[in-house]
Every structure is written in C-alpha cells, then in structure tokens.
Amino acid sequence: MKINKEGYRIIFITGLLCLLLWGFIYYLLNAREDVGVMWLSGIVLLMFWFFIVSFFREPRRVKIHDADLVFAPCDGRVVVTEKVVEDEYFGGRELMQISIFMSVTNVHINWFPVGGIVKYFKYHPGRFLVAWHPKSSTENERTTIVVETAQGHEVMFRQVAGVVARRIVSYVNVGKEVRQNDSCGFIKFGSRIDLLIPADSELLVEIGDPVVGTQTPLARLK
C-alpha cells in the first residue's frame, strides 16, 4: 500500500506517541502484574496507529480522460445536488452544485474533475462546522478553484474542511495546465468537496450515491 506524502509526519509522530504511551502504561502497571492489560493496550494503540496509516493510503487507479464528463474529485457519498447562485467568481450566475461528503474512512486525496487551465484559486480561512452542514460551503475553511476546459466550460470546486479536518493541502497554481483526474490536493480527516458546473449539464448521480474519485462520472457537460 502506497502512503501519500502528506501523511509521513503525522504517521511518524502518532507512532512515536503510541509507543511512549505504551511505555508509560508498562511502567505504571508493571507488565509482570497485569500482562492482560499490557497486551490489550498494545493492541488498541497498534490498531489506532494502523487507522492513521490507512487514512493516508494512496490507491492506484486507472486515469480516465473524457472532456465531456466531470469525474468525482474524491471518494465519498453525494449529499447535495441542486442549483445555486454563485457570487465569488461567476457574479451571480446559476450553477449546478454537487457536494460529496468524505468520512474519515474514505481516501482523502483530491483529484481534478476536469482538465484545462486553472483560472482562479483562493484560500478562505473560516470555521469548522460539520462538513454536511449547509453553511459549511460558505463559512468553513476552504479553497476555491476554477478550471477552464478546452471546450470553454468553467468548472469550480471547493475543498471544504469539516469539524475534524484541520488542514487543507492544495497543489494548484493559477495559469497552470492540469490533466483530468491528476491529484490536486489532500484534506486531512473528515471533510467535503463542492463541485459547481454549468446549470445545463446532464446530472449522472443522485443524493446518497457512493462515488469513487477519478472513476465515477458525476455529470456530462453540454
């Protein structure tokens, strides 16, 4: 299993803390007097460390390129499909919003849903409401990214931090050409991504549908 580079430091620090905690328990209880507790604490701490390691897993997936399709930028479950008015970049234009909630058990790498030129990027500091809260899209810590495709479609997506997520990593640079389904960032722990596409796009998913990043088409651009 490949581990994403964003996890190296956290995995090392977590492993060290687990080892120190187990050593403290060993010293406090004395293993000779309560071997069962020592084994149990060791197993629990090891399982917790493996959970942290698995969170930063980086799966190998076939990259699909289709200029007419908008692919899922992350793993998770669709929680919103509705038309909204967008003011940050599009000046009040009506767009179709598709939101995907990422639980702590999902892969948390993010990918470009379309290919093209990065036209806009902005980081917004903010709150840490639960990621499924309607106001999280506008009040939580987040990034906003707009990519213009070769066909002239502008597609926006936001990396939104949740109540557990405390850091958003983005590899985006304005003016850079990007390929569909290439990695664009990482959100550490539970979070969501909002995708805003032209309102006349053909929606291919419904609320509640599970999606796989780079593999599940969300919509077809007209």
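# Burial, helix faces and salt bridges

Visitor: Is R192 buried or exposed?
Guide: In this predicted model, R192 has a relative accessible area of 2%. The cut-off for burial is under 20%. R192 therefore counts as buried.

Visitor: Which residue forms a salt bridge with R192?
Guide: The closest N and O atoms of the pair are 2.9 Å apart, and the criterion is a nitrogen within 4 Å of a carboxyl oxygen.

Visitor: How many residues apart in sequence are D75 and R61?
Guide: D75 and R61 form a salt bridge, with closest N and O atoms 2.7 Å apart. D75 sits in the loop between strand 1 and strand 2, and R61 in the loop between helix 2 and strand 1, so the pair ties these parts together. D75 is buried at 7% relative accessibility, whereas R61 is partly exposed at 25%. The separation in sequence is 14 residues.

Visitor: Which residues are linked in a network of salt bridges with R158?
Guide: R158 pairs with E88, the closest N and O atoms being 3.9 Å apart. This pair links strand 7, which holds R158, to the loop between strand 2 and strand 3, which holds E88, 70 residues apart. R158 is buried at 8% relative accessible area, and E88 is partly exposed at 28%. The residues networked with R158 are E86 and E88.

Visitor: How far apart are the end C-alpha atoms of helix 2?
Guide: Helix 2 covers residues 35–55, which is 21 residues. At 1.5 Å a residue, its span should be 30 Å. The distance in the model agrees with this, at 31 Å.

Visitor: Within what arc do the buried residues of helix 2 fall?
Guide: The buried residues of helix 2 are M38, S41, L45, I52, V53 and F55. Seen down the axis, they line one face of the helix. On the other side, W39, L40 and M47 are exposed.

How values were computed:
Residues numbered from 1 in each chain as written. Predicted model: local features only at pLDDT ≥ 70, side-chain atom pairs only at ≥ 80, totals over all residues. Heavy atoms only, no water. Helix = DSSP H or I, 4+ residues; strand = E, 2+ residues; numbered from the N terminus. Expected span 1.5 Å × (residues − 1). Buried < 20%, exposed > 50% of the residue type's maximum accessible area, 1.4 Å probe, protein only. Arc of directions from axis to C-beta. Salt bridge = Lys/Arg side-chain N within 4 Å of Asp/Glu carboxyl O.
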